[in-house]
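Good morning, and thank you for making time for this item. Please have the display in view.

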Amino acid sequence: MNETSLKKTLSKINIGGLRWFDSIGSTNDEALAWAAAGADDLSIVIADEQTQGRGRLNRRWFTPKGSALAFSLILRPSAALRPHLSRTVGLAALSIADSLTQTRLAPRIKWPNDILLNGKKTAGILVESVWSGEDVDSLVIGMGINVFRDSVPPADVLQFPATSLEEMLGSIPHAREEILLSILEAFIRWRERMGSDELIHAWEEMLSFRGEQVEVKAGGETPVTGKVDGLESDGSLRLKDLHDNSVIVRFGDVSLRPMA
Ligand code: BTN
């Protein structure tokens, strides 16, 4: 993947601007600055290597050179989309999941922001906002996909088992820019239905650990446990406790784990 091949591939769809870097600290940092400076909707920052890649919960995100897809998408929400912004991470997760399904894989979404293949993390999403007073001016959706084996960090630093598309498929049948194109196409399709029940249902269908007992930790609070039941209309996770009562887990600094 290089700037020329990327531009050629992405010319098939309508995006805003494009910034390509051989190496960068974090594409999310660059995209946040660009968004604050007025970047167009659907502008993309993408890099072949990140030296300061960031994940949720202040974790590092590894992007060794030539190994992964690491990009950040800038969204300028229309008035119609504003009531549904809490669904943004689901929109991104479904887009990655749809794209992987096309390559005969069976992805699952570990709420809120991980894509699993065979129970192992293959992609992560980090959504950040640019504010204008009390309103969201724009959103930056960072997506990191482990494409080649080299993108998977060593086991001793992993919080959760991880894998790559190469490991799952045996080899990578498409160039990385083709995978990016199919994610963006799915994103554009799903964004048109961002406020629909269809999006929540599709997201729910893809949830991992459905019907299974999980533990969800939120910040310093006591962990919540229950069976994964589904999603609320704002994308919050609904668990069922031992007494079959619904427990709603809101977005935030949460991490979800299956229970033994
Ligand atoms: C997570 O799983 O915790 C989220 C990982 C998000 C990683 C992507 S890679 C592109 C973008 N730039 C970053 O620094 N992070 C996101």
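Predicted model: local features only at pLDDT ≥ 70, side-chain atom pairs only at ≥ 80, totals over all residues.

Let me begin with helix H3 and helix H6, the latter spanning residues 197-205; their axes come within 10 Å and cross at roughly 60°. As for handedness, the crossing in which H3 passes H6 is left-handed. On the H3 side the contact is made by Val89, Gly90, Leu91 and Leu94, and on the H6 side by Leu199, Ala202 and Trp203. By class, the residues of this contact between H3 and H6 divide into six nonpolar, one polar and no charged.

H3, which covers residues 88-102, also packs against helix H5, residues 176-191. Here the angle is about 130°, and the axes are 8 Å apart. H3 and H5 are therefore oblique to each other. The crossing of H3 past H5 is right-handed. Which residues form this contact? From H3 there are Leu91, Ala92, Leu94, Ser95, Ile96, Asp98, Ser99 and Gln102. They meet Ile179, Ser182, Ile183, Ala186, Phe187, Arg189, Trp190 and Arg191 in H5. The contact of H3 with H5 comprises nine nonpolar, four polar and three charged residues.

H5 has a further partner in helix H1, residues 3-10. The angle between H1 and H5 is about 35°, with the axes 10 Å apart. H1 passes H5 in a right-handed crossing. In this case H1 contributes Ser5, Leu6, Thr9 and Leu10, while H5 contributes Glu177, Glu178, Leu180, Leu181 and Leu184. Sorted by class, the contact of H1 with H5 holds five nonpolar, two polar and two charged residues.

I turn now to the ligand. There are 21 residues around the ligand, and those that come nearest are Ser26, Gln50, Arg54, Arg56 and Lys121. How far is an oxygen atom of the ligand from an N or O atom in the side chain of Lys121? The distance is 2.5 Å. For Ser26, a side-chain N or O atom lies 2.7 Å from an oxygen atom of the ligand.

Finally, two points of backbone geometry. Is the peptide bond from Trp111 to Pro112 cis or trans? The bond is cis, with omega near 0°. Pro112 sits in the loop between strand S4, residues 108-110, and strand S5, residues 114-117. The other point concerns Asn118, a residue other than glycine whose phi is positive, near 55°. Asn118 is placed in the loop between S5 and strand S6, residues 120-132.

That concludes the presentation, and I welcome discussion.

Technical notes. Residues numbered from 1 in each chain as written. Heavy atoms only, no water. Axes fitted to C-alpha atoms, helices over the stretch in contact; angles between N-to-C directions. Helix = DSSP H or I, 4+ residues; strand = E, 2+ residues; numbered from the N terminus. Parallel < 35°, antiparallel > 145°, perpendicular 65-115°, else oblique. Left-handed = near helix turned anticlockwise from the far one by under 90°. Contact = heavy atoms within 4.5 Å. Nonpolar A, V, L, I, M, F, W, Y, C, P; charged D, E, K, R; others polar. Near = heavy atom within 4 Å. Polar contact = N/O pair within 3.5 Å; in protein donor to acceptor, adjacent residues only side chain to side chain.
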